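Hi,

Here is the structure I said I would pass on.

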Amino acid sequence: MAPDLAAVTAAWRGWLAHERRVSPHTQKAYENDLYAFFRFLAGHLGALPGIDDLRELRPADFRAWLARRASAGLSRTSTARALSVVRGFFRWCERNDRLTNHAIRSVRSPKLPHQVPKPLRADDALETVQRVGEMASEPWVGLRDVALLTLLYGCGLRISEALSLTRQEAPTGEVLLVTGKGGKQRMVPVLPVVREAMEAYIAACPYDLAPDGPLIRGVRGSRLNPAVAQRTMRAVRGWLGLPDTATPHALRHSFATHILAGGGDLRSIQELLGHASLSSTQRYTEVADSTLLSEYRAAHPRAG
């Protein structure tokens with residue numbers, strides 16, 4: 001990109017990090033999407049794009065970019081996210097008097113397939129967290145895996161939230177302070193079964209768990225890699241005959257769906273999950289409704 005656009009992009013990155021306070025992972029994803037757009041423009045325009053070039057872009061230029069992504073086989077979900085990032089960049093530029101281009105407002109996002117969370121059944125979720133430890137190579141690793149999956153299902157954490165906990169943040173009290181996306185914090189009640197599983201792991205862990213050090217450790221003593229947790233979940237779902245949708249994140253979905261099925265209200269579940277928008281939480285009502293319908297069809301004598 002041209003020097004003037006590089007300077008503006010650097011300011012945008014600083015805004016993401018210090019004002020929006022997005023996570024490093026999220027910021028990297030945003031940057032990758034925006035830079036991919038700039039690379040397209042370099043080929044599309046025949047020169048490195050600068051501020052004046054962005055100011056002069058027409059709807060046809062943006063649609064050409066979307067068409068290029070489609071021809072490259074990129075998913076509609078990925079393209080919708082990239083378009084959102086580019087739109088956000090243009091909005092930031094306009095608010096900060098860097099450039100204005102209204103053409104992007106006329107570009108529609110790709111139509112996305114309707115996504116419904118895929119939780120585990122309650123008995124499958126319970127069996128998963130209870131038996132995952134039986135697959136471990138060492139007893140303390142088995143206790144670690146039980147503690148981690150119990151934390152995901154019992155408190156509804158994202159895997160990244162669970163693995164970012166330090167020893168002093170361990171869920172050994174009545175509530176857990178969780179730092180979620182964008183650095184937003186929320187309080188989550190800690191069930192006795194979560195406390196017991198975590199205390200058993202801490203007692204068995206062979207490494208010195210310093211207060212400000214990682215709580216969940218890998219076999220070499222460093223913070224557990226999310227890929228290891230994913231691999232463990234793949235192994236246990238194969239052992240128990242669960243579907244491919246049985247992932248660590250599915251335990252978070254199960255947490256929300258089972259609370260809703262038990263009479264919990266959406267606003268409370270929104271707070272527990274740390275959703276910024278209630279619309280994200282409302283997806284679980286579709287799961288609860290479909291489960292109720294399937295149980296009715298299976299149990300009612302005239303349903304067949």
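Let's start with Thr 232, which sits in helix 10 (residues 226–240); helices here are DSSP runs of H or I with at least four residues, numbered from the N terminus. Thr 232 is buried at a relative accessible area of 19%, where buried means under 20%, exposed over 50% and partly exposed in between, using a 1.4 Å probe and protein chains only. Leaving out residues up to four places away in sequence, Thr 232 touches Val 132 and Asp 145, a contact being heavy atoms within 4.5 Å.

Before going on, a word on the source: this is a predicted model, so local features need pLDDT of at least 70 and side-chain atom pairs count only at pLDDT 80 or more, while totals for chains, interfaces and linings use all residues. Residues are numbered from 1 along each chain as its sequence is written, and side-chain values use heavy atoms, with hydrogens and water left out.

Next, a helix pair. The axes of helix 2 (24–45) and helix 4 (residues 59–71) come within 11 Å and cross at roughly 110 degrees. Axes are lines fitted to C-alpha atoms, for helices over the stretch in contact, with angles from 0 to 180 degrees between N-to-C directions. Helix 2 is therefore roughly perpendicular to helix 4, since that label covers 65 to 115 degrees (under 35 is roughly parallel, over 145 roughly antiparallel, the rest oblique). On the helix 2 side, Phe 37, Phe 40 and His 44 meet Asp 61, Phe 62, Ala 64, Trp 65 and Arg 68 of helix 4. By class, that contact has five nonpolar, one polar and two charged residues; Ala, Val, Leu, Ile, Met, Phe, Trp, Tyr, Cys and Pro count as nonpolar, Asp, Glu, Lys and Arg as charged, and the others, Gly among them, as polar.

Now for the loops. Arg 21 has a positive phi of about 55 degrees without being a glycine, and it lies between helix 1 (3–20) and helix 2. Asp 97 also has a positive phi of about 55 degrees and is not a glycine; Asp 97 lies in the loop between helix 5 (76–95) and helix 6 (122–131) and is exposed at 72%.

What about disulfides: how many are there? The count comes to zero, taking a disulfide as a pair of cysteine sulfur atoms within 2.5 Å. Cys 155 is buried at 0% relative accessibility, and Cys 205 is buried at 9%.

Last, Pro 192 lies in helix 9 (residues 192–204) and is partly exposed at 45%. Pro 192 is 19 residues from Gly 173 in sequence and 8.9 Å from it in space, C-alpha to C-alpha.

Cheers

Methods. Helices (H or I, at least four residues) and strands (E, at least two) are DSSP runs, numbered from the N terminus.
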